[in-house]
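Hi everyone, thanks for coming. I'd like to walk you through one structure today, so please have a look at the screen.

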Amino acid sequence: MTTTASADEGAEASPSAPSALSAFAEPTVPVGRCWTASLSLANGAIWVGWYGPLQILLALQAAELAPAGTSKETVLAWVTGMGAAVSLVANPVFGALSDRTASRFGRRTPWIVAGVLGGAAALVLLSAARSVGVMALGWCLVQLALNAAFAAVTAAVPDRVPHGQRGAVGGWLGAAQVLGVVAGTGLATVAGGIAAGYVACAGFTVLGVLPYVLRHRDVVLPERQPFAWRPFLRGFWISPRRHPDLGWAWLTRFLINLGNSIALLYLLYYLRDELKYDNPEDGVLVLTAVNGALLLTTVVVGGVWSDRTGRRKPFVLWAGVLMAAATAMLAGWQTWTGALVAAALLGVGFGVFTSVDFALMTDVLPAAAHRGKDLGVINIANALPQVAAPAVAAPIVTHLGGYTTLYLVAAGVGLVGAVLVVRIRGVD
């Protein structure tokens, strides 16, 4: 079924517009600023729920709850590692479930609501944790629930946004993600304690999704699809032979993110041990601020520029090349000035990559019927590098040449990922 809504109605994202759309049609009516702003706010709110704990609260809690004879670093590593494992599975599973949800509220909105309410409840559970076991359980539940919401938010873009607008929308979602990390860290810092920090993050996460779920109606599936376990589970394997563009796009994202994760993993130790920087903690904060400022400057601009040119691959390619060059700079120009320049260039490159690669990924999805599941599989390319980076980096720093080799390897990995984007045929 095609939409009868006018362009003006679609631009305002009226509540009645989605009911006239086929759930499986490619969208053609542009979304308006209100829709983009509310979805971006919902996305940022989810990242508040993740990064308030990750940046501040879990580390403080691990220090309080670590049993005698067990270091706080070990407790934190186990808890965050378990949460990461849950995240790897939860995102594609909930994406697939949202694809099949035939609710009168749509197929994505119920999972956004359930996800943020469940995530908020799990954050409150964390605030009351008095043992490492409860802490680990709480964080795994946070990852489970917020990944349900995140999978649905991400899938809303290809459901509603035309191809020519996805770079701009991806840019605003990327900016909201960065601001969500900052806001979560800020809330956790100023709330007045661990328990208050968790409650503040929980409250913000719930409030941040309200404008989207209350003001914008979701696309409704015409009928409930029959369910069988075997086809459902088989669906998580997307054959690179049958869908080569998606395979190359996934590998590009994975390698660029892996290079970036390797580069950032030991930044504190690099400043302390290699550059002999007097206060490495403050140094990391300065470099993060420089990186974040440049990322925010380019993430929306890159997406809009890509939409206007109608091209994706050149932006991903040159953003990846710039990031690889900046990472190599950490190997060859080992001074504080070199680190500042590298942080700035990484911010520029990663900002463009974040928005345009998201648009590219939505452009190569195999079928509209399972956008949520496919994006969940794609999102593994974001999470898996965070698990793989320590396994790659630790032996290099310890046995294979130290930080110079580490950053050359990181640059090489990212460069290979950038070059592989040219293998995609269905997108310019």
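Let me begin with a term: a residue is called buried under 20% relative accessible area, exposed over 50%, and partly exposed in between, using a 1.4 Å probe and protein chains only. Please keep in mind that this is a predicted model, where local features need pLDDT of at least 70, side-chain atom pairs count only at pLDDT 80 or more, and totals for chains, interfaces and linings use all residues. Residues are numbered from 1 along each chain as its sequence is written, and side-chain values use heavy atoms, with hydrogens and water left out.

Now to the charges. Side chains of opposite charge can pair when their charged atoms come close. A salt bridge here is a side-chain nitrogen of Lys or Arg within 4 Å of a carboxyl oxygen of Asp or Glu. The whole structure has seven of these salt bridges.

One of them joins Asp99 to Arg108, with 2.9 Å between the closest N and O atoms. Are these two partners buried or exposed? Asp99 is buried at 2% relative accessible area, and Arg108 is buried too, at 1%. Both belong to a salt-bridge network that also takes in Arg107 and Asp159.

Next, Asp357 meets Arg253 in a salt bridge at 2.7 Å, N to O. Asp357 sits in helix α13 (residues 336-363) and Arg253 in helix α9 (residues 244-265), so this pair ties together parts 104 residues apart in sequence. Helices here are DSSP runs (H or I, at least four residues; strands are E, at least two), numbered from the N terminus. Asp357 is buried, at 2%, and so is Arg253, at 7%.

Asp363 pairs with Arg312, their closest N and O atoms being 3.2 Å apart. Asp363 is in helix α13, while Arg312 is in the loop between α11 (280-309) and α12 (313-332), 51 residues away. Arg312 is buried, with 5% relative accessible area.

Let's turn to helix packing. Helix α2 (residues 33-65) packs against α4 at about 15 degrees, with the axes 12 Å apart. The axes are lines fitted to C-alpha atoms, for helices over the stretch in contact, with angles from 0 to 180 degrees between N-to-C directions.

Last stop: Leu125 is in helix α4 (residues 109-127). Leu125 counts as partly exposed, at 31% relative accessibility.
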